[in-house]
Amino acid sequence: FRQMRKAGEFRELAGPLDELWQRSVRNATVCFAVGRRVPRISADNALFAGLMRTVGELYILTRARQHPQLLADAATYASILSDWQLSIAASVLENWGMSEELVQAVRDSGEPALDSRGPPTLADVLYAASVLSHMEPEQLEAQELPPAPLAALKRLSFDGPTYAQILRDSAAELDALREALG
């Protein structure tokens, strides 16, 4: 992301690229913190998957610069992201030769698991992180989850205070990552 921001052809996207980077890293650290608590899910794989989940958005953003009207119309751009980013990310990851588990998890991470039976999957971790990344620990401690995400997160079997601690843990991971990356 940093290299792209510095590249002449992407200078006009410096702000959106920085925002995407910040969201990507925040989401990845939440994935890591969730992954540490889920049996049979590697926290490192969850971190990597959290970063890779946004590669579709990066692709769309870099293509949208060739069509400035898309970036100017926030609603249209948001609709394109919602409809296409995960399938594009999965396609890119598949093209790069990434594991089928990662590709499928990214592809499935936009929709919550409707069946709370069975062990949690990497897609569940990615979905949980995408919901939690927009929340604050205080909301979760007070059990202020909206009903839909609460049902979707049921498969992970965590309560509000556990999710709040996950966010605190991810904030510490985020600080460490920022320090390491400069």
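Leaving aside its neighbours within four places in sequence, which residues is serine 109 in contact with? Hold that thought for a minute.

Okay, housekeeping. This is a predicted model, so local features need pLDDT of at least 70 and side-chain atom pairs count only at pLDDT 80 or more, while totals for chains, interfaces and linings use all residues. Numbering starts from 1 along each chain as its sequence is written, and side-chain values use heavy atoms, with hydrogens and water left out.

Let's start with the fold. The chain has 11 helices and zero strands; both are DSSP runs, helices being H or I with at least four residues and strands E with at least two, numbered from the N terminus. Of the 182 residues, 43% count as buried, and by buried I mean under 20% relative accessible area, with exposed over 50% and partly exposed in between, using a 1.4 Å probe and protein chains only. As for contacts, meaning heavy atoms within 4.5 Å, take those between residues at least 6 apart in sequence: 62% of them join residues at least 24 apart.

Now the inside. As a general point, nonpolar side chains in soluble globular proteins tend to be buried together. A nonpolar core here is a set of buried Ala, Val, Leu, Ile, Met, Phe, Trp, Tyr and Cys residues joined through side-chain atoms within 4.5 Å. The largest one has 45 residues, and Val34 and Ile166 touch the most other members. Helices giving two or more residues to this core are α2, α3 (43-52), α4 (55-64), α6, α7, α8 and α11 (160-181), and α8 has the largest share, with nine residues. If you click on valine 34, you'll find it touching Val125, Leu132, Leu156, Phe158 and Ile166, once residues up to four places away in sequence are set aside.

Beyond its neighbours within four places in sequence, serine 109 is in contact with Arg53, Leu86, Ala123, Leu126 and Tyr127. Its side chain also reaches the backbone oxygen of valine 106 at 2.9 Å. That's a polar contact: a pair of N or O atoms within 3.5 Å, where within protein one must be able to donate a hydrogen and the other to accept it, and residues adjacent in sequence count only if both atoms are side-chain atoms.

Threonine 54 is another loop residue, between α3 and α4. Threonine 54 is buried because its relative accessible area is 10%. Its side chain reaches the backbone oxygen of leucine 51 at 3.0 Å, and, not counting residues up to four places away in sequence, threonine 54 touches Leu20 and Ser24.

On to pockets. A pocket is an open set of points on a 1 Å grid over the protein atoms alone, where a 1.4 Å probe fits, with protein on both sides within 12 Å along at least five of seven lines; lining residues have an atom within 4 Å of a point. Grid points are joined across faces, edges and corners, and the volume is the space filled by probe spheres set on the points.

The largest pocket holds about 250 Å³. Its lining includes Arg23, Ser24, Thr54, Glu57 and His134, and α2 gives the most, with four residues. By class, that lining has one nonpolar, seven polar and four charged residues. Nonpolar covers Ala, Val, Leu, Ile, Met, Phe, Trp, Tyr, Cys and Pro, charged covers Asp, Glu, Lys and Arg, and the others, Gly among them, are polar.

The second largest pocket comes in at about 200 Å³. Here α6 (74-95) and α7 (100-108) each supply at least two lining residues, with α6 giving the most, seven. Its lining divides into three nonpolar, four polar and five charged residues.

Last, two arginines. Arginine 40, in the loop between α2 and α3, has a positive phi of about 70° although it is not a glycine. Most residues other than glycine have a negative phi. Arginine 40 is exposed, at 69% relative accessible area. Arginine 168, in α11, is partly exposed at 33%.
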